[in-house]
Structure formats: structure tokens, C-alpha cells
Amino acid sequence: MKRRKFDMASAPGKAAVGVDERFQVATPLRRLLNKVFPDHWSFLLGEIALFSFIVLLLTGVFLTFFFEPSMTEVVYNGSYAPLRGTPMSAAYASSLDLSFDVRGGLIMRQMHHWSALLFMAAIVVHMLRIFFTGAFRKPRETNWIIGSLLFWVGFLAGFTGYSLPDDGLSGTGLRIASAIMLSIPVIGSWVTSSVFGGEFPGTIIISRFYIAHVLLIPALLVALISVHLGLVFKQKHTQWPGPGRTNGNVVGERMFPRYAIKQGGFFMVVFGVIALMGGLFQINPIWLFGPYEAWVVSAASQPDWYVMFLDGSTRLMPAWEINIPIGDGYVIPPLFWPTVVLPGILVGLSTLYPFLEARHLKDRKSHNLLQRPRDVPARTAVGAMAVSFFLVLTLSGANDVIADKFQISLNAMTWAGRVGLLVVPPLAYYITYRICLGLQQHDREVLAHGVETGIIKRLPDGRFVEVHQPLGTGDGHGELEYVGWVVPKKMNRLGALGPAIRGFFYPIEKPAEAPVSPGHPPVEPRPEREEIGSGESRR
Amino acid sequence: MSTQTEHQKVPRSRQSVDVQDPGLTRFDIVREGARRDDIEIVHYEQQVLPGTKAERRLTRTIASMFLLTGLAATAFLVVYIWWPWEYAPGRGGDKWYTPLLGITLGVALLGIGFGILTWGKKLLPKEVSIQDRHEGAVAADDRIITGQTMLYMADELGVKRRPLLGISLLAGLAPVGAVAAAPLVGGLISDPHKNNQMFTTGFAPAEGGEKVRLVREDGRPVRPADISAGGQITVFPGIDHGVSNRHADSPTLLIHLRDSDAQESRRANERVGHGDYMWGNYAAFSKICTHAGCPASLYEQQTNRLLCPCHQSQFLITDNARPIFGPASRRLPQLPIEVDAEGYFVAKSDYTETVGPDFWERP
């Protein structure tokens, strides 16, 4: 039989042609490979959230192989000696088994928990970046709304997740959640009874939370994340202003290969950091809390960090009960306001913010260039206000621990929180506003008068003046207009120090170029600048 | 604006190139592809020149990171398989199992991560490309065409001319929507007032009127002598599953007050018509916080205050467990108690106020 010659070298090309003949992918693939992404360190915060979500999915699937979402009472007989013989729910027993009797189960559990915390943290920090740089403005309002939804859905995912082990701490959280549902006027008791399948705790809540946590909520998260990324792709990323950058273009690198490779590497780094945290830092040691028993609680029972602000608002709420004297009388408990109304307002305000701001400024244009926070003092100050509001609440969520560690009266901490919640945000607004104005003014000053050189000159009349290096071409003042990006304020930003020598132990041959601004590679080689001497003074 | 002027300096080549031309380099074709996507590669610069010391150095660094990954991953496997992992009390080697897995896995992933990052950041050429956004580039024509097409489709359906169709469709579909929702709502909904469950606890006397004993966590009934003055214990209804989460509303704090405090308590009790709720110097209050349902379990003997550790509501036991600080707005309900013929504490009746967190129809 004659053997046909098989040309290995042309095989991939032939296969590619075959694929294209069937699916016509060449053009869309070229577009994908070529897509230009702007680059800045702050653009990778959202990616941390995305990558931790992937780790969440991976570790979560592992956990489902061993977790038993059932509240059937069993007697623990596993390896962890201190709890042996204790009656507990099957959910708690299987969580203990995951930690002690499944090889490598504990690191998976801890990685899952750490990546959940990281997921929420990355979402928050990413949203702060979006907010303070104005990236939420038209045309990206939809993505802002999806982002805030992602926070709240992630919040639900976290809460349903850490309730599953049915340990002493999470059971207390569940009890509070049932009380929160109960506090809703008119329908509260019906909602609670329907969710728990009867009176708290019932026998079904863990199974319901389980299916919500492993199917419904993740499906919603995946859907929201897909739309989110799709929109980023479609609308193209925002970019900082800078040389060559306009509202109508994107300046950066093509997606492949460099950008994509950096993303892949960054994913591995995030994954690695989560693995280190999961292995080295203990998180949620459920075996110390014991099974949930309605009559047991310990001091310093704190939820995960992203729930703490609600815990804080609950602690700070004065005992204002509203009685409605109709018929037998009805009541709106104080718990309703900080746990149902406050989150409701927060969701509403955060989702509507882009529209509120656009309406206030009568701004209907599309914006693809970011703003430096200092250039929009009002928004930055509002953001600082929101952050300080959140911080006061979060700290109040730990006020018993703070009182204990710093030997402060617990009641004083509560009052400090109550007063702080009203006083700190406006203060933060004012201070931030002034700081923004100050920074703006300094930018303008440098543009008008030049960069301080550190060279002191004595004038004939005896005065001392510092020599400034003008940034404009001539020595006329106010030549340069502020265009919304970094103004060099140090001489080494202008190349005065000479390039830094690269290399760890010994220098590499090619000296590095001094960056014009961090994160902004020069579009073209900069013209040579003349050496700066102690030449003319500015008057 | 200066951004504009700088922008203009960049030369723009918009001529198309014949990609079949054999004289073209690969990069020429790449550039042409970019041009077709409205991308201009304005700056493309090798960071390290081929064959230089710098390149060899970087290659070595990256390769060593990849090799480190292999090493760490192998170490992970070794630890996973051979390290003693089963839990043993004390400070055995098993306590190092999870940290070692974390370190080896972390180093493996970081190695590959930083390797790839260095490869991308240091070895690949740096570039600056400019792509047009084409925002608002949809021609007004397209908007008109799409809009008119959709309106035309609506016309063809003729809902306007034949309103009966639309109305009947809506009327037909509305119940279908309800059909989808009904099993979900109907299956989940559960009457909160079934068996009067929100207003009763495990201390409700049995059908025959037999009073329920107060028992400890291990099920033993409690005698007055079991608690010293100023002390307190948690008690449960002495019924089946009384000490379990099935009766999550029932845990009760039985407190033996000191003489002076007991007198004060009795006076306070009489003021609210609870004159006979105490037995001697003993008083029993629900342990379930009226705020959010946590066990209000931190009892401060000196001040007779009960603190809920969840949200720091504080209740003054000697004044009917009145809330004196924090977010709770309602007293802890008091359980009327007495001692039965055998000398054990029993509940005279169930709680006379609603136990647990507040809700709309509570009064």
C-alpha cells in the first residue's frame, strides 16, 4: 500500500482554512485579536473580582461533592475529637467532615471563603474607581447598574453561603435574617414563615439556601458578569486623557498577544494569592463555634466584612418603635429601618447616581475620557461622604470588639457611632472638596510657573528665589492649558535625573527611558530637552 | 488643545495594501489587518533586542519561574499524598498540612503567573495603537430603516386595526403567567399563625393542663437550691425536644436575684400586673432578644443588666427586663414560675407576651 505523504507543516493552515470555510471566523477573529485596550493599573481592579469569581466556581464545585444540605439531626462521629458525640445537623457534620476528613477539604473551604471576601472587596474597590473617575457616565450607565446589582447579588451569595455550614455563628446570622424579614410591615410574618417553611428555624432553610447558593445566585452572577463584560467589549474601555487620546479613539495595545498574556498572568497571580491565603490564614473556623443552638451565642459575633455595615446600622438605630393604634394595634419594629429601608435607599441611590448627576449637570454627551477625581470636586466629595458613611457603619459593626480592645465604654461607642454617622460624612464632603480645589490649583500653578528645580538663586538685591523650570516652550506664563491628566511636578519626571539603570544585581545594557507619566507610554520619542542649569530666574 | 496638536503629528496611512503581495513582511500584513479594523499602530518597539545579554537574562528568569512552578506543584503532590493529614489532637504534623498545601499551590500559581507576566511585559514589544471608537457612527439612515421596519411589522400584525386580537391575547396570557407563578407561591406560602405558633412556646401547658417543668440543657429539672443568689442558668421546657432548635423561642433565663434586687423586681412586677410571676427571689425571662432574636445571654451580676451580644441591647432585669440601651424597644417577656409538689420549677402558664423579635401584627 502506498503511504500518502502527510505534510505536517501545512496541517495547521489547512485545518484553519477548513474551520473558516465552515464557520467564517476569520474576520471576527481578526477583530478580536486586534481590539485595542487602554492600559492603566486601576483598570485591573474589576479583573480581580472576575478572577476570584472563577476561583469561587472552581472551589465551590469541589465543596458540593462533600456537603450535605440537610438539617436532619445526626450525632457527630468524625475525626475532630472535641465535638464527637454532639448532636448536630447533617449540614454542620458534613462541613466538619469537609474540614477534617476530606483530604485537602479545608484548604478548598478556606480558599472558597477567601475568594468570596476578595470578590466582594474587588467589586467595591472597582466601583470606587469607576465612581471617582466618572467612568459611569453616558454611555456606560447600564454597566454601572449591573455593577451595583453584582454587589448586592454577591452579598446574597455570600450570606447564603456562609449560612450553609449551620454552625453557631452562621445560625445566629440566620436568626437575625429571619428577624429582619419579620420586621417588614404587613407581610413580614408571612414572608418569614414562607421562606423558613414555618417557624424559625424549621427544617428546610439549609436546603433552600443551598439551591439558591449553588444554582440560582451563581446563574444570576454569571449572567450579569457576561452582560457586564459584553458591554465593556462593545462600548470599548474608557481611557485617561493624554497625548493623542480623544473622546473618539482608544489608545493602548492590541488585545493579543501582550494584553491577553498579561491578563492570563494576572489571573494566575490572583489565584496564587488566594491559594496562599486559603492555606495560611484561617477563616471561619466553624469547629470552634459548635453547632447552632438557639440559646448559645458568644460576644464578638461578627458577620463577613461586607455585611458588617448593616450590622453597624442595626446597632446604631435608636429604639424607635412605631405603634399604629388600629384594631388590635400594629407595630413597625426599629429593626425595619436600618436593615430593610437603608439598603433599599442605598440600592436606589447607587443605581440612579449616573442619571442624577447627568440631570443635575444637564449633561447628555457621551464620555469616553476619564476625569481625575480632583477635577470634579463635587462628585469626589459625595463619594468621600458615601465612603465615610460606610466606614462609620462598618466600624460600628465591630464596636463591641473596639470597646473591648481599647477599653472604651460600649455605650460610648454606640453614641460615637450615632453622632459620627451624622457628623463625619458632611465633614468628609467639605474636606475632600477643599483638597480637590487645592490640588487643582497646584496643577494650574505648575503649568503657569513651571516645576520647582530645587535650585536656589540669590538675586542682586539679596533676595533668594527658587528657579522654576517652565513647562511651556517659552517663558511666557499661562501658556499651557490643563487637559485633565497628570502634570509633572518633579524634575525627574522631566528627565532631569537621567534614566534609571535597570537590573537587579548588575545593569542591563539598554537603559530604560524615563517615563513621561506612570502608565502612559510615550506616543513618540520626546524631543531632547536642554539641560537645566541655574539659568534665568522667573520674575 | 495640546492633545489635538500631538494627535495630528502622527502620520496616518490609509492606503490599503494588497495582502497577496509576496514582498510584504508578516508585520506588514498585521498592520494592514489593524488598518482594516481602524487601528493604527503608531509605536512598536522591541524591548530587548534578539541575541542580547538582556534577552538571555530575561529568558533565564522566566524559565526559572516556570521551573519553580513545576517544583512547587510536585511538592504539592508530595505533601498531598505523603504528609500526615488526619486530624489528631495536639500540635501534630497534621496542623501543617493545609498551610503546606497553600504554600506549594500558591508558589506554583505565582510562579506561572509572574513568569507569564514577565514574558508579556518585558519580552514582547511595546506598542501604542490607536483605534477609532466609531461611537454614534450608526448612520441616521440605519436608525430610520430599523425603526420603520419594526413599525412596519407592527402594522402587518394589525393589532391597531384588530384590537380584539391584542386584548384577547393579553386576556389569554395573563392567566398563563399566573399559572407559572401559582405553584411557586402556593407551594412556598406557609401560614405564620398555624397552631398560633408565633404566640406560643414550649412552656404552654399540655392539653390536660399539666404544667411544664423548667429543665436544664441535659434535661434535668431544676430545684431552687440549684442556683445561688446572683446566679442564673438557661432553662428549657421539659417536653420532647424542648432542648433543641425546634423550640427556638423557648430558651429562658432563670435568675436567682439577691434580696434587695428581688424586692425591687417584685415592685416593678406589680406595677405592670405581673405580681405573681416570680417565685421567691427567682425570676424567669425569655432569653430571646426582642430585637433580632439573638440570645440575650450576657448577664452582669452587679448591675442586673442583661446584654445581647449581637446588637448590644441592654435590659434591666430588676425593672421587668426593660430595654435601657441599644436598639431593642420591647421588654423581654417574663415567664410566670412556681415550684411544684416535688420541689421543681414549673411554668405556671406560657409566656403572656410574645417572645422573640417584633413583627407587624404582634400586639
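Helix α13 (residues 336-361) of chain A gives the largest share of the lining of the second largest cavity, 4 residues. Helices here are DSSP runs of H or I of at least four residues, strands are runs of E of at least two, and both are numbered from the N terminus.

Before I go on, this is a predicted model, where local features need pLDDT of at least 70, side-chain atom pairs count only at pLDDT 80 or more, and totals for chains, interfaces and linings use all residues. Residues are numbered from 1 along each chain as its sequence is written, chains are lettered from A and ligands numbered from 1 in the order in which they are written, and side-chain values use heavy atoms, with hydrogens and water left out.

Back to that cavity. It holds about 70 Å³ of space. A cavity is a set of points on a 1 Å grid over the protein atoms alone where a 1.4 Å probe fits but cannot get out, and lining residues have an atom within 4 Å of a point. Points are joined across faces, edges and corners, and the volume is the space filled by probe spheres set on them. The lining of the second largest cavity includes A:F136, A:R137, A:P354 and A:H367. It divides into 4 nonpolar, 1 polar and 6 charged residues. Nonpolar means Ala, Val, Leu, Ile, Met, Phe, Trp, Tyr, Cys and Pro; charged means Asp, Glu, Lys and Arg; the others, Gly among them, are polar.

The whole structure has 6 cavities of 30 Å³ or more. Of its 17 lining residues, A:L182, A:E199, A:F200, B:M198 and B:D249 are the closest to its centre.

Next, the sheet. Four strands form an open sheet in the order β1(A)-β4(A)-β2(B)-β1(B), with antiparallel pairing; two strands pair if DSSP finds at least two bridges between them. The edge strands are β1 (36-37) of chain A and β1 (39-45) of chain B. Between β1(A) and β4 (residues 249-254) of chain A there are 2 bridges, and A:V36 has A:R254 as its bridge partner in β4(A).

Last, the interface. Chain A puts 118 residues into the contact and chain B 105, contact meaning heavy atoms within 4.5 Å. The buried area is about 9300 Å², 60% of it from carbon and sulfur atoms; that is accessible area (1.4 Å probe) lost on putting two parts together, summed over both. In chain A, A:R103, A:R258 and A:W295 lose the most area to chain B, together 10% of what that side buries.

Definitions and conventions:
On a 1 Å grid over the protein atoms alone, a cavity is a set of points where a 1.4 Å probe fits but cannot get out, and a pocket is an open set with protein on both sides within 12 Å along at least five of seven lines; lining residues have an atom within 4 Å of a point.
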